Amino acid sequence: MEFTYQAYREMLKLLRDTGYELRGYRDYETAVRPAVLRHDIDTSLSQAVQLAELEAEEGVRSTYFVLLRTDFYNPASREGLAALRRIQSLGHEIGLHFDEASYVPALTPVQTVQNIIKECRLLSALLETYVSSVSMHRPSRATLEADLHIPGIVNSYGKTFFQDFKYLSDSRRRWREPVLDIIRSGSYARLHILTHAFWYHEDDWDISQTVGAFVRSANRERWRQMAENITDMDAILKEEEVQ
C-alpha cells in the first residue's frame, strides 16, 4: 500500500466493500464486522488535521491520540489547540497518547495508570471535552503485558483491542503485514488499524523525503514564530534565507 491520501481513501473503500463497519472504541459491539481506526499524532498536528479532513469527506469518524509530553508540538498553544478543535469539529474523537518513557524513573503499572488519569484530566481541561481513551507511545513490553485497566478510560492496548482484534500498524512507515490483502481476505471478524498521518502525502514520498521535509519545515516554522515576536524580522533574517 502506498503512503498517499488516495491510497488511504482506497483502503477505506475496501473496508466498506468487504463488509467492515467503521466504528469507534465504544460502539464497535453493535457491528457484525467492526473496524476501529486509530491515529497516533507523534510529530505533526497539521498533518493530522489533513487526514482528519480526508476522513470526514469520506464520512469516516476515527480517534486521534495526542501527546502532552513531546518536543514536536504544543497542544496548549494557540495553533495546537486550534488544530485539535478542528479535528473534533469534524466529528473525530481526541484521545491521549501516553509516553511512559518521558517519566524518570520508570513507572510501575500502578503509577502508569495514575499518570494516564492525570494526563487525561489535563487534556480534558484543555479541550473542555472529556478525554476517555488512551494509546501508548512506543509501549514497553511490561506495559503491553500488564493489560492495564484504567477507570473510565479505554486502553487501546488492552487485551480487547490489541489481542481480540486483528491489530495492524504502519509504524515507521512500514506495514508489518499486507494490510490490503488482510482486509480483502475477510479472514478476521474485527480489525484495529493504526496509522500515522505523518507518513501520508499526495505523492508517495519515501521515509527520507518525509523526514527531511519535516526537519526543514521546522526552520520555517521557527522563523514565523520569531517574526510574531520581533519587529521587522526581515531586517534580521529573511524568510527565504531559511532552508
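**Exercises on a predicted model**

The protein carries 29 positive and 36 negative side chains, and the centres of these two sets lie 4 Å apart; Lys and Arg count as positive and Asp and Glu as negative, with His and the chain ends not counted, and each charge is placed at NZ of Lys, CZ of Arg, CG of Asp or CD of Glu. This is a predicted model, in which local features need pLDDT of at least 70 and side-chain atom pairs count only at pLDDT 80 or more, while totals for chains, interfaces and linings use all residues. Residues are numbered from 1 along each chain as its sequence is written, and side-chain values use heavy atoms, with hydrogens and water left out.

**Exercise 1.** Compare the radius of gyration of the protein with that of a compact globule.

Solution. The radius is taken over C-alpha atoms, and the globule rule is 2.2 Å times the number of residues to the power 0.38. For 243 residues the rule gives a value near 18 Å, and the protein, at 19 Å, agrees with it. The C-alpha atoms fill a box of roughly 65 × 40 × 30 Å along the principal axes.

**Exercise 2.** Check the span of helix 4 and find which of its residues are buried.

Solution. The expected span is 1.5 Å times one less than the number of residues; for the 19 residues of helix 4 (residues 109-127) this is 27 Å, and the end C-alpha atoms are 27 Å apart, which agrees. Its buried residues (under 20% relative accessible area, 1.4 Å probe, protein chains only) include Thr112, Ile116, Cys120 and Leu127. Their cover includes strand 3 (63-67) and helix 3 (78-89). After helix 4 comes Glu128, with a positive phi near 55 degrees.

Conventions. Helix = DSSP H or I, 4+ residues; strand = E, 2+ residues; numbered from the N terminus. Buried < 20%, exposed > 50% of the residue type's maximum accessible area, 1.4 Å probe, protein only. Contact = heavy atoms within 4.5 Å.
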